[in-house]
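Thanks for coming. I will go through one structure this morning, from the overall layout down to single residues. Please have the sequence and the model open.

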Amino acid sequence: SPYGRKVRIVIHELGRADRVELVDTFPRDRPEEAIAKGPLGKIPVLETDSGVLVRDSAVIVEYLDREHGGSRLLASGGADRWTALTNMADADGAIESTILVRNERLRPAEQQSPAWIDWHVGKVRRCLQQFDTMAGDRSGRSDLGVIAIGCAAAYVPTRLPEFEDLPKLSRLAGLLSELRKRQSFHRRAKRRQRIFQFVGEVGREGFDRFDAAVEGIGHAAQRP
């Protein structure tokens with residue numbers, strides 16, 4: 001999941017991989033597990049040792065940065081903070097539209113809505129073009145907005161053939177290439193085989209339990 005990937009990257013950027021236990025859950029196969037952690041049954045979800053549930057990847061990464069990163073990846077105020085949060089919202093929206101289009105195309109051809117597909121493909125295209133325009137200003141930076149843009153730019157071409165020519169957006173492609181050189185974009189937190197299996201209570205500085213998504217599961221919405 002690009003949302004789960006964003007959280008994993010932030011975990012590594014903040015040097016917290018040894019404090020987080022990453023487990024897989026499958027909401028469509030075992031929805032009761034995800035619903036027990038939130039009424040929407042969506043993942044990722046982060047559960048602290050004290051039992052606090054932090055849901056939604058955008059909320060999770062801000063929690064991690066504020067509580068465990070000293071606001072290293074998100075400024076505490078000013079234009080940089082709001083730019084990063086806006087970029088993250090746009091990147092997450094581009095990913096959501098990508099998933100919606102992919103799911104629509106999995107429906108029988110006669111049940112698909114070309115207008116629905118075009119509407120969401122347009123959203124993705126505008127976001128990528130915007131990211132390309134601003135990529136030069138973001139070069140060399142690593143904040144939550146840049147990380148989210150990187151996750152979106154890496155994910156979209158793997159799901160929508162319209163965007164396999166991402167290299168034509170040269171500044172965005174350059175930013176993604178730069179991000180891929182960072183270890184955090186390749187490393188993975190330690191996984192467990194069973195959901196919610198965890199290392200015992202070791203306090204605030206101990207392990208958090210992070211419920212990670214497998215590819216696309218838990219974020220895919222269906223058109224009514």
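Helices and strands here are DSSP runs, a helix having at least four residues and a strand at least two, and they are numbered from the N terminus. With that in hand, the order of elements along the protein chain reads α-β-α-β-β-α-α-α-α-α-β-β. That makes seven helices and five strands. The model is a predicted one. Of the 224 residues in the protein chain, 50% count as buried.

I will start with the loop between α2 and β2. α2 covers residues 31–35 and β2 covers 45–47, and P44 sits in the loop between them. What is the form of the peptide bond from I43 to P44? That bond is cis, and its omega is near 10 degrees. Back in helix α2 we find A34. A34 has a relative accessible area of 4%, so it is buried. A34 and P44 are ten residues apart along the chain, and their C-alpha atoms are separated by 9.2 Å.

The loop between α2 and β2 also holds K37. Is K37 buried or exposed? The cut-off for buried is under 20% relative accessible area. K37 has 14%, so it is buried. Its side chain and that of E47 are joined by a polar contact of 3.0 Å.

D56 lies in the loop between β3, residues 53–55, and α3, residues 57–68. The phi of D56 is near 80 degrees, which is positive although the residue is not glycine. D56 is partly exposed, at 44% relative accessible area. A side-chain oxygen of D56 comes within 3.0 Å of the backbone nitrogen of A58, at the start of α3.

Now the helix itself. The buried residues of α3 are S57, I60, V61, Y63, L64, D65 and H68. Take S57, which lies in this helix. Its relative accessible area is 3%, so S57 is buried. The side chain of S57 also makes a polar contact of 3.1 Å with the side chain of K6.

Just after α3, G70 has a positive phi of about 65 degrees. S71 is not glycine either, and its phi is positive, near 55 degrees. With a relative accessibility of 24%, S71 counts as partly exposed.

How many cavities of 30 Å³ or more does a search of the whole structure find? The search finds two. The largest cavity has a volume of about 40 Å³. It is lined by E62, D65, R66, S71, L74, A75, S76 and R81. Which element gives the largest share of that lining? α3 does, with three residues.

The charged end of R81 sits over the ring of W82, at 5.2 Å from the ring centre. R126 lies over the face of W119, 6.0 Å from the centre of the ring. As for rings paired with rings, two of them count as a pair if their centres lie within 6.5 Å. By that rule the number of aromatic pairs is zero.

The last element is α6, residues 144–159. At its start, a side-chain oxygen of D143 reaches to within 3.0 Å of the backbone nitrogen of G145. α6 has 16 residues, which at 1.5 Å a residue should span 22 Å; the end C-alpha atoms are 23 Å apart, and this agrees. How much of α6 is covered? Most of it: 14 of its 16 residues are buried.

To recap three points on the slide: the bond from I43 to P44 is cis, D56 has a positive phi, and α3 gives three residues to the lining of the largest cavity. That is the end of my part.

Definitions and conventions:
Residues are numbered from 1 along each chain as its sequence is written. This is a predicted model: local features need pLDDT of at least 70, side-chain atom pairs count only at pLDDT 80 or more; totals for chains, interfaces and linings use all residues. Side-chain values use heavy atoms; hydrogens and water are left out. Buried means under 20% relative accessible area, exposed over 50%, partly exposed in between (1.4 Å probe, protein chains only). The expected span of a helix is 1.5 Å times one less than its number of residues. A polar contact is a pair of N or O atoms within 3.5 Å; within protein, one must be able to donate a hydrogen and the other to accept it, and residues adjacent in sequence count only if both atoms are side-chain atoms. Rings of Phe, Tyr and Trp (its six-membered ring) pair if their centres lie within 6.5 Å; planes under 30 degrees apart count as stacked, over 60 as edge-to-face and the rest as tilted. A charge sits over a ring if NZ of Lys or CZ of Arg is within 6 Å of the ring centre and within 35 degrees of the ring normal. On a 1 Å grid over the protein atoms alone, a cavity is a set of points where a 1.4 Å probe fits but cannot get out, and a pocket is an open set with protein on both sides within 12 Å along at least five of seven lines; lining residues have an atom within 4 Å of a point. Grid points are joined across faces, edges and corners, and a volume is the space filled by probe spheres set on the points.
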